[in-house]
Amino acid sequence: MFVAPVTETEVEQVIKGLKNNSSPGFDEILTSLVKQCLCHFIKPLVHIYKVFLQTSIFPDMMKKAKIKPLFKKGDRQDINNYRPISILSVFSKPLEKLMHNRLLLSLKRYNILTSKQHGFMESKSTEIASHSFIQSVQEALDRHLHAVSIFLDTSKAYDVINHNRLLDKLDSYGIRGSVNNWFQSYLTNRTQFVEISQMDRNKYIQRRFQSSLRATSYGIPQGSIL
């Protein structure tokens with residue numbers, strides 16, 4: 001895999017394409033603020049991203065995640081009914097996106113991904129995957145064949161990924177050398193803390209409570225671009 005040089009135009013497009021999140025990361029900097037002030041620091045930011053990609057380094061300060069539990073359904077007192085969302089620094093997202101673009105380009109160039117892959121793919125969706133599955137079943141039944149399907153639901157898949165296995169997998173697909181080292185830097189030495197917000201009904205003030213900072217040795221942050 002070859003990592004193409006970063007350009008000012010590309011960084012500008014990536015940052016302007018980010019969603020305006022209502023909840024900032026640990027640095028309390030909103031995406032909308034960065035967009036408004038981008039013209040004042042775009043050049044040094046491009047230089048910083050260039051250095052991080054060339055030296056195979058993902059800075060530790062960008063690995064610090066704020067975890068917010070998002071309620072799904074059921075009993076609010078049951079911790080299993082909450083999904084943890086990692087809110088990262090606004091400056092880590094463009095760097096992730098720059099590598100994401102180069103990674104996807106390499107996978108497409110060498111035709112590594114199967115056409116059956118629907119998750120996280122452009123112009124693909126769960127609806128298309130469901131339609132393809134139903135069509136296969138109908139074709140089998142029309143030919144008087146038995147239709148057999150196996151469904152696997154890996155609980156909390158992103159939270160239990162082994163970093164060494166993931167890096168070996170990337171290496172087998174041609175993401176080797178300095179690029180593999182960059183992903184190793186991205187995955188290791190990550191830290192996180194949990195933040196819970198509560199509205200004080202008497203004073204109508206939102207209070208925030210934070211846990212202590214903990215290291216994460218496996219899994220990847222949900223909410224990240226990569």
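Mentor: A pocket is defined on a 1 Å grid over the protein atoms alone: a cavity is a set of points where a 1.4 Å probe fits but cannot get out, whereas a pocket is an open set with protein on both sides within 12 Å along at least five of seven lines, and lining residues have an atom within 4 Å of a point. Grid points are joined across faces, edges and corners, and a volume is the space filled by probe spheres set on the points. On that basis, the largest pocket has a volume of about 1,900 Å³. Its lining comprises 48 residues, of which Phe-120, Tyr-158, Ser-224, Ile-225 and Leu-226 are the closest to the pocket centre.

The model is predicted, so local features need pLDDT of at least 70 and side-chain atom pairs count only at pLDDT 80 or more, while totals for chains, interfaces and linings use all residues. Residues are numbered from 1 along each chain as its sequence is written, and side-chain values use heavy atoms, with hydrogens and water left out.

By class, the lining of the largest pocket holds 28 nonpolar, 13 polar and seven charged residues. Here Ala, Val, Leu, Ile, Met, Phe, Trp, Tyr, Cys and Pro count as nonpolar, Asp, Glu, Lys and Arg as charged, and the others, Gly among them, as polar. At least two lining residues are supplied by each of strand S1 (64-71), strand S2 (82-87), helix H3 (92-109), H5 and helix H6 (177-187). Of the contributions to this lining, that of H3 is the most, with six residues. Helices (H or I, at least four residues) and strands (E, at least two) are DSSP runs, numbered from the N terminus.

Helix H5 (residues 163-172) includes His-163, which counts as buried at 8% relative accessibility; buried means under 20% relative accessible area, exposed over 50%, and partly exposed in between (1.4 Å probe, protein chains only). A polar atom of the His-163 side chain lies 3.4 Å from the backbone oxygen of Ser-217. Not counting residues up to four places away in sequence, His-163 touches Leu-187, Ser-217, Tyr-218 and Gly-219, where contact means heavy atoms within 4.5 Å. Helix H6 contains Asn-181, which is partly exposed at 41% relative accessibility. The C-alpha atoms of Asn-181 and Ile-57 are separated by 7.8 Å, although the two residues are 124 apart along the chain.

Val-148 is exposed, with a relative accessible area of 75%. Its C-alpha atom is 8.5 Å from that of Val-137, eleven residues away along the chain.

The C-alpha trace spans about 65 × 50 × 35 Å along its principal axes. Of the 226 residues in the chain, 30% are buried. Among contacts between residues at least 6 apart in sequence, 63% join residues at least 24 apart.

Finally, the structure holds zero disulfides, a disulfide being a pair of cysteine sulfur atoms within 2.5 Å. The cysteine sulfur closest to that of Cys-37 is in Cys-39, 7.4 Å away and therefore too far for a bond. Cys-37 is partly exposed, at 28% relative accessible area, whereas Cys-39 counts as exposed at 60% relative accessibility.

Technical notes: Polar contact = N/O pair within 3.5 Å; in protein donor to acceptor, adjacent residues only side chain to side chain.
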